[in-house]
Amino acid sequence: MNLHRSFSMSALGTPLPRAFFNRDSRVVGRELLGKLLIRREGRKKLVGRIVEVEAYLGKADPAAHSFGGPTPRNLVMFGPPGFAYVYFIYGNHYCLNVSCQPEGNAAAVLFRALEPLAGIKEMARARGVTVKNPRDLRRLTSGPGRMAEAFDVTRERDNGKDLTSSRSDLWLADDGFVPGQIAATKRIGITKAADREWRYVIPGNPFVSGPKKIR
DNA sequence: ATATCGATTATCT
DNA sequence: GATAATCGATATG
């Protein structure tokens, strides 16, 4: 079984336009499944297919960083849609989001897992892992902190970056791939509003994070 | 295969 | 001063 069947480097697709993100983050989240995250590193490109995301709303969502109003950290969430919100968590990890909804609504989608398609050597180096069998690929991009590290996403480098243009060095694209199926589950690792099923995955995809039962 | 726990620091109360 | 949208190591079945 070849997971890379529907991908070729010559067809990276077209960048997702700003209007794509100017909608409810739950809709954006669902529709981001199957799209591509692309990082340009000099002449190299890192490419991953999005297989897991979570939607965060603004004032309607106690789990959202924007729930309590704007602060220096969450300011990008209050700005226009289609921009990177990167935060640092647990003293260890960066996590990548994209701002959604009309400006001021402060919603976002958190990227949680990718299926690595290109630049795998570079991702492995950035993660400090040795890939000796296909199972090890999971450790590159399966989880929000892992995929951020694989793509060298940091707050300093990427927070506030426009993700809708390939003139940027980090953007999102549609190559026409359509997931066979989409599933919604509870979000991971939160204590507030923990019952809302705003985590979206491509069920059965091996790069979805977490224990087998929620993949 | 699943559960538990410690690490480590920016951010906000 | 407490908390956190996580990860990796270790322990146990």
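Sugar or phosphate supplies 73% of the atoms of DNA strand B within 4 Å of the protein, and bases supply the rest. The model shown here is predicted.

**View 1. The residues around DNA strand B.** By type, the residues of the surface near DNA strand B are 3 nonpolar, 3 polar and 3 charged. A polar backbone atom of Tyr90 is 2.2 Å from a base oxygen of DNA strand B. A polar side-chain atom of Asn92 lies 3.4 Å from a base nitrogen of DNA strand B.

**View 2. The hairpin of strand 4 and strand 5.** This hairpin has 3 residues between the strands. Tyr90 takes a positive phi there, near 55 degrees. Tyr90 also has a polar backbone atom 2.2 Å from a base oxygen of DNA strand B. Strand 4 and strand 5 pair in the antiparallel sense, over 6 bridges. Tyr87 has Cys95 of strand 5 as its bridge partner.

**View 3. Strand 5 and its pairing with strand 6.** Strand 5 and strand 6 are antiparallel and pair over 4 bridges. Val98 stands opposite Val109 in strand 6. The hairpin of these two strands has 6 residues between them. In that hairpin, Gln101 takes a positive phi near 70 degrees.

**View 4. The residues around DNA strand C.** There are 20 residues surrounding DNA strand C. Tyr87, Asn97, Arg127, Gly145 and Arg146 are the closest. Sugar and phosphate make up 49% of the atoms of DNA strand C that come within 4 Å of the protein. The residues of this surface divide into 10 nonpolar, 7 polar and 3 charged.

**View 5. Polar atoms facing DNA strand C.** A polar side-chain atom of Arg146 lies 2.6 Å from a phosphate oxygen of DNA strand C. For Arg112, an N or O atom in the side chain is 3.0 Å from a phosphate oxygen of DNA strand C. Ala63 faces a base: its polar backbone atom is 3.4 Å from a base nitrogen of DNA strand C. Strand 4 (84-89), strand 5 (93-100), strand 6 (107-118) and helix 5 (144-150) each give two or more residues to the surface near DNA strand C. Helix 5 gives the largest share, 3 residues.

Note on methods:
Residues numbered from 1 in each chain as written. Chains lettered and ligands numbered in written order. Predicted model: local features only at pLDDT ≥ 70, side-chain atom pairs only at ≥ 80, totals over all residues. Heavy atoms only, no water. Near = heavy atom within 4 Å. Polar contact = N/O pair within 3.5 Å; in protein donor to acceptor, adjacent residues only side chain to side chain. Nonpolar A, V, L, I, M, F, W, Y, C, P; charged D, E, K, R; others polar. Pairing = 2+ DSSP bridges.
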